[in-house]
Amino acid sequence: MLGLFFTLAMPKMTWDSHRYAVDVMTREIAVDLQRMRQHSLTNGTADMDGWTLSLRKDKYVIMQRYTVHKTRIYPKGITIPTGKNGRKDFTFDGKGRPQSDMELTVASSGAQPYEKKIIVAAQTGRIRIE
């Protein structure tokens, strides 16, 4: 009886772990973006301070000018599209507004794909997860 229960529950547990990994990665990136935005607002000198969140093929990096403050490798099965050149950078100005198109998708690959989006409003810099 127990074997049957675990056999039936295993695909659901695997699916939930992929969803969990996407949710955690999405929240972590959103929090890092909020910290960068807050730093830009506090200093008001984003151009001179130069904080950047750079999405790469297999990781993301937070840099202040040329100093790396954080590197986070994506969990297995998680992808974040970066475009043709393999890199997408996010920065904020001194008023907390994004300096580029600020929408990114965190997705899991596999039999049952799952994704979350992070969207930063162009005028206000408000960060939301959908």
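**Strand pairing and the nonpolar core**

Biologist: What makes strand E6 (residues 103–108) and strand E7 (residues 114–120) a pair in this predicted model?

Modeller: Strands E6 and E7 are joined over 6 bridges in the antiparallel sense.

Biologist: Why are strand E3 (67–73) and strand E5 (88–90) called edge strands?

Modeller: The order E3-E2-E1-E5 describes another open, antiparallel sheet of 4 strands. Strands E3 and E5 each pair on one side only. From one strand to the next, the twist averages 20 degrees. Inside this order, strand E1 (residues 51–55) and strand E2 (residues 59–64) pair over 5 bridges. At least two bridges are required, so E1 and E2 also count as a pair. Leu-53 stands opposite Ile-62 in E2.

Biologist: Which residues have the most contacts inside the largest nonpolar core?

Modeller: They are Ile-29, Leu-33 and Leu-104, in a core of 24 residues. Helix H1 (2–43), E1, E2, E6 and E7 each give two or more residues to this core, and H1 gives the most, with 7.

Biologist: What does Leu-104 contact beyond its neighbours within four places in sequence?

Modeller: Its contacts include Ile-29, Leu-33, Leu-55, Ile-80, Phe-90 and Ile-118.

Definitions and conventions: Residues are numbered from 1 along each chain as its sequence is written. This is a predicted model: local features need pLDDT of at least 70, side-chain atom pairs count only at pLDDT 80 or more; totals for chains, interfaces and linings use all residues. Side-chain values use heavy atoms; hydrogens and water are left out. Axes are lines fitted to C-alpha atoms, for helices over the stretch in contact, and angles run from 0 to 180 degrees between N-to-C directions. A nonpolar core is a set of buried Ala, Val, Leu, Ile, Met, Phe, Trp, Tyr and Cys residues joined through side-chain atoms within 4.5 Å. Buried means under 20% relative accessible area, exposed over 50%, partly exposed in between (1.4 Å probe, protein chains only). Contact means heavy atoms within 4.5 Å.
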